[in-house]
Amino acid sequence: MAAANPQPPSAAGEPEVFVAAPIGDRPDAALSEACFKSDNVDTGIGRIHNRFTYCARVNIEAVYWSIDNKGIPIEEEGTTTAKLEVFAQGDDTERRARVFAQIQKNSVDYDWGPIDNIFVAPNVPLSLLGNCVQDSDVCHATRGSYTMPWATWDNNPDWAYWDIYNHEQVSEGRDKISYNRWTVELFTDNEEYKTLQRGRTPARMLRCDSATYFNLGKAKYPKACIFSEVTPYLTYTLGSTHHAVAEHIDAAHNRPNTTYPLLAAPGVPWPRDKSIPGKYIAGNPDAPGLHRITRALHPTESKANKDNKDGACFKTGPERHKYLDTGLPTRPPKGEQCDEYPFASTLEGAGNPRPDFSVKSIPATDNRVAGGMLRKYYVDDRILAWDPSLPRPYQTNDRFYVHIK
């Protein structure tokens, strides 16, 4: 599923600022409610609600054995089952995520026998422990285990929580990228009963970075950890305050041969069909995507995008000769701007010689709204800028898509 679910519009029609929710001693109430009411939260592996929010509801089972005075299991005594709820929030100021866990209220069932179900099984302790899967040079978890009787867990309104920290020392590339997995362990240390092995929730991935170019206004987000096991995409909506941009991108995705610049002058046969990347296709994370660039980090690519856009839109600039017969037939009139797709802030923009691109004259108001959404989206989904020094750069750099709703 996508990392960036469509965001609710504000009164002005723009998306609300998302970024990471503040991290406290309890899960963020609005995010928790939205995440846990999803249909796929009970799949066992859980749901990535957005790249800063994860939740899961997991069926757990503990088979208990009685043990002798040497701690050796001698006889199976009973089984306790329950639903474990896990909620995790990534941070956008530190390289950490906070992992919360609790037993869903009134979900515990005992199968120990009529008497033991009442007097024994509810009093057996259960321990929960959030942990990092990798070695301590990659990441570590804070706080120890939380231990309570099953009966207390079953009626406990509080959440256990741990911080999973990722270490900058073991990282790659300009933005000091590092990955680690985390899990919640379940076990019982008891002199009378034990399980034969610890239980663990499915290990999930964190990607952490120390990129210094994320900001919204004066707010800066110099480090972060996100849940990266999703295909990130930005949603634009037809019929909205940015309708013209959504319509333009929809044509670029689905009817590229109708867009400017043409591949050959009017009346001249085209050598091929146009192919414009970036369309979100559900279930296909390998579709041709987009890669973010910035003017500061990628001055050559940014200038090439601008020069080719100016040539295709206005027949001006150093690349104008390429578009004299193929660019927009007329310049955008007053009140309109030349919109380009893929975006000027992507490696696949107008200056890239490999994919095709599209330009169109649209109302300036639509263009401003859509541009603001894109800038917020880069922060909301923590889209890292292109880094050619990464191994296999087209596979390991952040790739994102655009969905037209």
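The model is predicted: local features need pLDDT of at least 70, side-chain atom pairs count only at pLDDT 80 or more, and totals for chains, interfaces and linings use all residues. Residues are numbered from 1 along each chain as its sequence is written, and side-chain values use heavy atoms, with hydrogens and water left out.

Start with the empty space. Rolling a probe the size of a water molecule over the atoms shows where such space is left. The search runs on a 1 Å grid over the protein atoms alone. A pocket is an open set of points with protein on both sides within 12 Å along at least five of seven lines; a cavity is a set of points where a 1.4 Å probe fits but cannot get out. Lining residues have an atom within 4 Å of a point. Points are joined across faces, edges and corners, and a volume is the space filled by probe spheres set on them.

The largest pocket holds about 950 Å³. It is lined by 30 residues, and Arg295, Ala344, Ser345, Leu374 and Arg375 are the closest to its centre. Helices (H or I, at least four residues) and strands (E, at least two) are DSSP runs, numbered from the N terminus. Strand 14 (215–216), helix 5 (299–314), strand 18 (336–341) and helix 6 (364–380) each give at least two residues to this lining. Helix 6 gives the most, with nine. The lining has 13 nonpolar, nine polar and eight charged residues. Here Ala, Val, Leu, Ile, Met, Phe, Trp, Tyr, Cys and Pro count as nonpolar, Asp, Glu, Lys and Arg as charged, and the others, Gly among them, as polar.

The second largest pocket has about 530 Å³ of space. Of its 23 lining residues, Tyr179, Gln395, Thr396, Asn397 and Asp398 lie nearest the centre. Strand 10 (178–187) and helix 7 (393–396) are the elements that give two or more residues. Helix 7 gives the most, with three.

Asp398 also forms a salt bridge (a side-chain nitrogen of Lys or Arg within 4 Å of a carboxyl oxygen of Asp or Glu). Its partner is Arg207, with the closest N and O atoms 2.8 Å apart. Asp398 sits in the loop between helix 7 and strand 20 (401–404) and Arg207 in strand 13 (residues 204–209), so the pair ties together parts 191 residues apart in sequence. Both Asp398 and Arg207 are buried. Buried means under 20% relative accessible area, exposed over 50%, and partly exposed in between (1.4 Å probe, protein chains only).

The count comes to 27 salt bridges. Asp310 and Lys306 form one of 2.7 Å, N to O. They are four residues apart in helix 5, which means a separation of about one helical turn. Asp310 is buried, at 14% relative accessibility. Lys322 and Glu319 pair at 3.4 Å, N to O. Lys322 is partly exposed at 41%, and Glu319 is partly exposed at 22%. Elsewhere, Asp25, Asp91, Glu94, Arg96, Arg98 and Asp163 are linked in a network of salt bridges.

The structure holds one cavity of 30 Å³ or more. The largest cavity has a volume of about 40 Å³. Its lining consists of Gly44, Tyr54, Ala56, Val58, Val86, Trp182, Thr201, Pro202 and Arg204. Strand 2 (residues 53–67) gives the most, with three residues.
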